[in-house]
Amino acid sequence: NRFGSEYKFIEEGYLGNYLNTSKDISISELNVDKIDTSKVKFVVTLNGKNIDIDSKYITISEEEKDGKFLYTYTISKDAFTEDGKYIIQVYSESDDGTEYTSVAEEYNFVIDTQKPVILVSGVESNNIYQDYNRKVTVDVRDFSGVKSISVILNGKAIEYTVEGDMYVFTIPESTDRQSLVVKVTDLAGNSNEIKVDNFLISSNTWVYLINQIWFKVLIVLVALAIIG
């Protein structure tokens, strides 16, 4: 037995990836020696800290394959209840006492079940701005990171730049009220969007005034005074 145990992370699509829900995780061990399954140990860390996995969440199957022994260790998805980065290692021992381990490989995955939090600064719904344009910044807070982001202004996608951790773009003035939608999908596949509606940006003083409530009230009062 020159090569010892050969370990394999069966769900290759999960290995090193971001998941938006917990999954059953299986690792196989192939060895010419028969493994004492009562001595198999699993070391699982969550964000760098060891966590205990109840034995009820672990199943072990055994079969012979091409003169070797194949073991499949499955940890139920119910054992992965928190978001974070998980690393799994297997320690096993043959019937003759030879020890084996999977530490040569890092079997890891990240669970992120939360939608991205999107914070928009520069414009607010129903507000009026007397300006030629407005610089808008978008701050996305998410555990796994941003996979894609789209900025929709008045029904059309617009370009943005990245400044540090912020997404930045400029909204020009208009005589009409405008709407903004920012959509974000994180690396785990969680999506969220935020809408900013009915805001006005105009450098025209008259357009700015006629959209002010107090100005409309003043016009009505003056009209009533004239009628009176």
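Start by selecting Val 103, which sits in the loop between β9 (99–101) and β10; strands here are DSSP runs of E, at least two residues long, numbered from the N terminus. The model is predicted, so local features need pLDDT of at least 70 and side-chain atom pairs pLDDT 80 or more, while totals for chains, interfaces and linings use all residues. Numbering runs from 1 along each chain as its sequence is written, and side-chain values use heavy atoms, without hydrogens or water.

Val 103 has a relative accessible area of 46%, which makes it partly exposed (buried is under 20%, exposed over 50%, partly exposed in between; 1.4 Å probe, protein chains only).

**The cores**

Next, select Ile 75, Phe 80, Ile 88 and Phe 109, the residues with the most contacts inside the largest nonpolar core, which has 25 residues. Such a core is a set of buried Ala, Val, Leu, Ile, Met, Phe, Trp, Tyr and Cys residues joined through side-chain atoms within 4.5 Å. Strands supplying at least two residues each include β1 (6–9), β3 (25–31) and β8 (84–93). The largest share, four residues, comes from β7.

Centre on Ile 88. Beyond four places in sequence, Ile 88 touches Ile 25, Ile 27, Val 43, Val 44, Ile 75, Phe 80, Tyr 107 and Phe 109 (contact: heavy atoms within 4.5 Å).

Then move to Tyr 129, Val 138, Phe 169 and Leu 180, which are among the 19 residues of a second, separate core.

**The five-stranded sheet**

Show β12-β19-β18-β14-β15, the order of an open sheet with mixed pairing; strands pair if DSSP finds at least two bridges between them. β12 (128–129) and β15 (156–157) stand at the edges with a single partner strand each, so one side of each has no neighbour in the sheet. In the antiparallel pair β18 (178–186) and β19 (191–201), seven bridges join the strands. Select Val 182 to find Ile 194 of β19 opposite.

**Last stop**

Finish at Thr 161, in strand β16 (161–163). Thr 161 is partly exposed, at 44% relative accessibility. Leaving out neighbours within four places in sequence, Thr 161 contacts Met 166, Tyr 167 and Val 168.
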